[in-house]
2 protein chains.
Amino acid sequence: MYRTKTCGELRLADAGQTVTISGWVQRIRKMGGMTFVDIRDRYGITQVVFNNEVDAALCEEANHLGREFVVQITGKVAERYAKNPEMPTGDIEIEAQTLTVLNRSEVPPFTIEDESDGGDDIRMKYRYLDLRRPCVRANIELRHRMTMEVRRYLDSKGFLEIETPMLVGSTPEGARDFVVPSRMNPGQFYALPQSPQTLKQLLMVSGMDRYFQIVKCFRDEDLRADRQPEFTQIDCEMSFVNQDDIINLFEGMAKHLFKELRGVELTEPFIRMPWADAMRLYGSDKPDLRFGMTFVELMDVLKGHGFSVFDNAAYIGGICATGAANYTRKQLDQLTDFVKRPQIGAKGMVYARVEADGNVKSSVDKFYTQETLQELKKAMNARPGDLILILSGDDVMKTRKQLCELRLEMGRQLGLRDKNKFACLWVVDFPMFEWSDEEQRLMAMHHPFTHPKDEDIPLLDTDPAAVRADAYDMVVNGVEVGGGSIRIHDSELQAKMFEILGFTPEKAQEQFGFLMNAFKYGAPPHGGLAYGLDRWVSLFAGLDSIRDCIAFPKNNSGRDVMLDAPAALDQKQLDELNLAIDIRDKE
Amino acid sequence: MYRTKTCGELRLADAGQTVTISGWVQRIRKMGGMTFVDIRDRYGITQVVFNNEVDAALCEEANHLGREFVVQITGKVAERYAKNPEMPTGDIEIEAQTLTVLNRSEVPPFTIEDESDGGDDIRMKYRYLDLRRPCVRANIELRHRMTMEVRRYLDSKGFLEIETPMLVGSTPEGARDFVVPSRMNPGQFYALPQSPQTLKQLLMVSGMDRYFQIVKCFRDEDLRADRQPEFTQIDCEMSFVNQDDIINLFEGMAKHLFKELRGVELTEPFIRMPWADAMRLYGSDKPDLRFGMTFVELMDVLKGHGFSVFDNAAYIGGICATGAANYTRKQLDQLTDFVKRPQIGAKGMVYARVEADGNVKSSVDKFYTQETLQELKKAMNARPGDLILILSGDDVMKTRKQLCELRLEMGRQLGLRDKNKFACLWVVDFPMFEWSDEEQRLMAMHHPFTHPKDEDIPLLDTDPAAVRADAYDMVVNGVEVGGGSIRIHDSELQAKMFEILGFTPEKAQEQFGFLMNAFKYGAPPHGGLAYGLDRWVSLFAGLDSIRDCIAFPKNNSGRDVMLDAPAALDQKQLDELNLAIDIRDKE
């Protein structure tokens, strides 16, 4: 028996008990004839006191402990003289009677505290030490609680968790696959699943009715801060349902999670915003609704006054930043620089201040009369003290996206994006297709199995680009936390869809034959949704990167620097797999 | 709204209600002017009746339904004239008012019933139809309930489920890895984990204290009926524990699962049998304790009587089959053939019957006096009507294994291996090492991180082959359902272990450096266990193969015949991965 109590559970009521604890040495302080050692485990920190007058030898041993030594201590729980109200165990200490060093530790390469002195690289290399920091451990604990709650909720709704295989077939459509050479089938490869999409649809064909799985998915894409080559999805599918059924159920789940994990009661139904509105009002299919600052289209107001930038624009849009009229010239210049950054790409920015007397002062005053500027003020619903920011461009979508970035930046600057406030919505009525310049064809915006809205089916023949889909995303604070769609279960409609997407029947059969064949044997109406687990946990934990809620993440080169993976293989392994390395110069 | 009720929930008390159900057409029967259609969904089967006199057109539609059509039916719940007590819904039927065909079905390639006419191959190709069979679906449902219960139990004991990566480093020790080429790191490969063994030990170093994960593991081995290239493990690890702590906790979990999933209350503590006893009494490290028939060593009794087979043997052992003295000559010949099969490899079998009068008649009577045979009877504790079966050989272990196979076969023939009876035990005190003829060195029986028993540590220097480990397996009905060990947390002991295993310090560092480095920073005492989920579910479901409890299993060539995976890659994919296929003739 290594311990009778953890380091997190002792309270004043335990005073007088003899207990044994085990854990890591967090801190050692000497004061007078006493040595105080804080012992840490997953559950908390407990102060142990060694008294030189009571047992000089034991106290001397304690003086030789080092940070992160693993120790076992037996002693008597006593009330502290100097209580620490910040710590749950702050009312007590343990008067040590025995001390056993279970293991020694070298001096760790960074401090094991929430505010560590270790940089990102060293903390990743020693991730096992990084995980000792309470703030990192809390993310891992939250992740556990989240998956427990998700499973409890879905189980109570009749969902079955069904494991789908990790070694599946490669599908050229979609993102790039990670592949796995098969030794038993020379020259052939498995792929790791990008998602269990087709398999969960097969489970609906098989009558499983309600499926879910918390499952690893893989995409071999170039990485960014919020992307990992492997990520975890809460994957769900239901039969005999329409879009409302799915939205209601998963909105219920989201509310349940908010309540259980964050103590936030969301009583109102989530807004359901058509995709077209989201683009028009926020320039984004994942608008951050924690604040307003919606777009106002200003073509009627500002076009045709001789300001050639606006006169030649296909889109002019503004946002009104409440109370920001006091922005300095320097701040406004910085905003202009912000929107002109290559990743945003605006050509410039126009601003207009509403002054205390109601007059409007703009950066393009020479082109506009005060009367027009008052019209602008009215259109923007701006008041004295507000700042109007305007972007324009010759591509409506691109300009809206630029204005979206500007809106988010202003929200940030004005403190409107509080991590403890949550604004949830559904974006619905996504377009069925989007045009690919690269492929010179329509592509499925969601995937080729997405059901078009019933009322738009006639448009498939006449105006496919206008067809909307029964697809929906859940968005929280500007982050897409999940999305899904109703699937096509009718073979003829599916065939038409492939035709519009430019698949020959042969190619469709080759790539998705197993699914299309399955649909011949009584596929039920069905649909589903996948939540991104990493994103949900990050959201609840208030993290900037999903990496911080993953026990062993990979860096931006897809490397695990702790394990030093990937690495070269032995020649014997390559031979068994019938593979040769063939690194060519790529241009 | 596709349905107001499922096909499994209507009872007599619902009579009079108007309801809507959706599901698959299981069966159509015409009787008089009525058409009876059984509708099936995941939850059950409900009978729908179409009355030609009430609505001739609707009845005609029903007559044109086919097997596995997906339909939606609205009607009134009515009490049945001919009740079916076999079915939960057998008291009622639905008098159809509307019928909608949601989808048609081609005639399925086999019958969708528990007793299907489809062979293994066709059922695997159309696995989505196979999964519609209630007996297959029941396995998937059981698997879901099992994982829910495991999580509930471990969560209540303070375990955190922590996801470890799927893309890790390849370790040459152990089974063959599946590997994943890295596009971003040309010429380098990830490996898929054979188990999260080292990662869970790192989580203990990180202070996570109690970890578990229900996780896919991968081994690229040649397949047998009960092996899959990907399988699922309930993987657990705990800190500050000894072997008893772990055994007690996971025995508690096993009992909880038996109770919740099988309604079996196991009140007695599981037997803890030293490995040496298991080998001596059952010739197996996973003895089936549903029946006795333990081995009796017969060297003293039978050696030195002129029967050269026994006189030259290093081991002679017998089992006593109660009441089997009536075995015919033909049955005994078949048993002899059984033990002489190449996969068992015995040279022959000796038998002795105890007759009603207490006399013993053996197949080697000419070498033994009745007096010696009476000694045999006494040694075997045999009674009139019993059959004694004896094997011998020049290799103790091999002969015991042969006798083990004979014992299991006799248990089967005598009906002693009841699938509804469960005999659980722990096999403990495994040897630390086993000799490898191939590698001409000691190998770790469990893995190189297994802790030797404290009292055997001195033997590491003098007689390493005699060292026993703090390792344990849980065995149920002759199946190893899980196993684990206490791990070494002391760097010096670990270094000695690698030395005995023939690793140079450099090789140990190269292969396990990340773990050995981690152990320098305060590794706590820890140990763990992994349960095989597939085996547990098979056991509870009474299946012969783990394949039947896996939604989409692979065949013996590692192929998913439904998905037709693995398959060749596009040249473009190979180029991106810097790989070339290089299939050479292998001898």
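Strand E23 of chain A (residues 579–581) runs antiparallel to strand E23 of chain B (residues 579–581), and 3 bridges join the two. A:Ile581, for one, has B:Leu579 in E23(B) as its bridge partner. Keep in mind that this is a predicted model.

**How the two copies relate**

- In general, two copies of a chain are related by a rotation about an axis plus a shift along it.

**The A–B interface**

- How many residues does each chain bring to the contact? Chain A puts in 124 residues, and chain B puts in 124 residues.
- About 11,000 Å² is buried between chain A and chain B, with carbon and sulfur atoms giving 59% of that area.
- A:Glu163, A:Phe240 and A:Tyr521 are the trio to look at here: they supply 8% of the area that chain A buries against chain B, more than any other three residues.
- Between chain A and chain B there are 63 residue pairs in polar contact, counting pairs with both residues at pLDDT 80 or more.
- Helix H4 of chain A (residues 134–156) gives the largest share of the side of chain A that touches chain B, namely 9 residues.
- Sorted by type, the residues on that side of chain A come out as 65 nonpolar, 26 polar and 33 charged.

**Salt bridges**

- Over all chains, the count is 84 salt bridges.
- Across the interface of chain A and chain B, the rule finds 12 salt bridges.
- One salt bridge between the chains brings together the side chains of B:Arg3 and A:Asp209, at 2.7 Å from N to O.
- Within chain A, A:Glu141 forms a salt bridge with A:Arg137, and their closest N and O atoms are 3.8 Å apart.
- Where do A:Glu141 and A:Arg137 lie? Both are in helix H4 of chain A, 4 residues apart, which is about one turn of the helix.

- Strand E1 (residues 18–31) pairs with strand E4 (residues 70–79) in the antiparallel sense over 7 bridges, both strands being in chain A.
- A:Ile21 has A:Ile73 as its bridge partner in E4(A).
- E1(A) also runs antiparallel to strand E2 of chain A (residues 34–41), joined to it by 7 bridges.
- Opposite A:Arg29 you'll find A:Phe36, which belongs to E2(A).
- E1(A) and E2(A) form a hairpin with 2 residues between the strands, and A:Gly32 there takes a positive phi near 60°.

**The five-stranded sheet of chain A**

- Chain A has an open sheet of 5 strands with antiparallel pairing, in the order E12-E13-E16-E14-E15.
- Which strands sit at the edges? The edge strands are E12 (296–297) and E15 (360–362) of chain A, and each pairs on one side only.
- Strand E14 of chain A (residues 350–354) pairs with E15(A) in the antiparallel sense over 3 bridges.
- In E15(A), A:Lys361 is the residue opposite A:Arg353.
- As background, strands of a sheet pair through backbone hydrogen bonds, either parallel or antiparallel.

**Backbone spots to check**

- The peptide bond from A:Ala565 to A:Pro566 is cis, with omega near 0°.
- Where is A:Pro566 found? In chain A, A:Pro566 is in the loop between helix H16 (533–541) and helix H17 (571–576).
- Chain B has a cis peptide bond between B:Ala565 and B:Pro566, where omega is about 0°.
- B:Pro566 lies in the loop of chain B between helix H16 (533–541) and helix H17 (571–576).
- B:Glu68 isn't a glycine, yet its phi is positive, near 70°.
- In chain B, B:Glu68 sits in the loop between helix H1 (56–63) and strand E4 (70–79).

Note on methods
Residues numbered from 1 in each chain as written. Chains lettered and ligands numbered in written order. Heavy atoms only, no water. Contact = heavy atoms within 4.5 Å. Buried area = accessible area lost by both parts, 1.4 Å probe. Salt bridge = Lys/Arg side-chain N within 4 Å of Asp/Glu carboxyl O. Polar contact = N/O pair within 3.5 Å; in protein donor to acceptor, adjacent residues only side chain to side chain. Nonpolar A, V, L, I, M, F, W, Y, C, P; charged D, E, K, R; others polar. Pairing = 2+ DSSP bridges.
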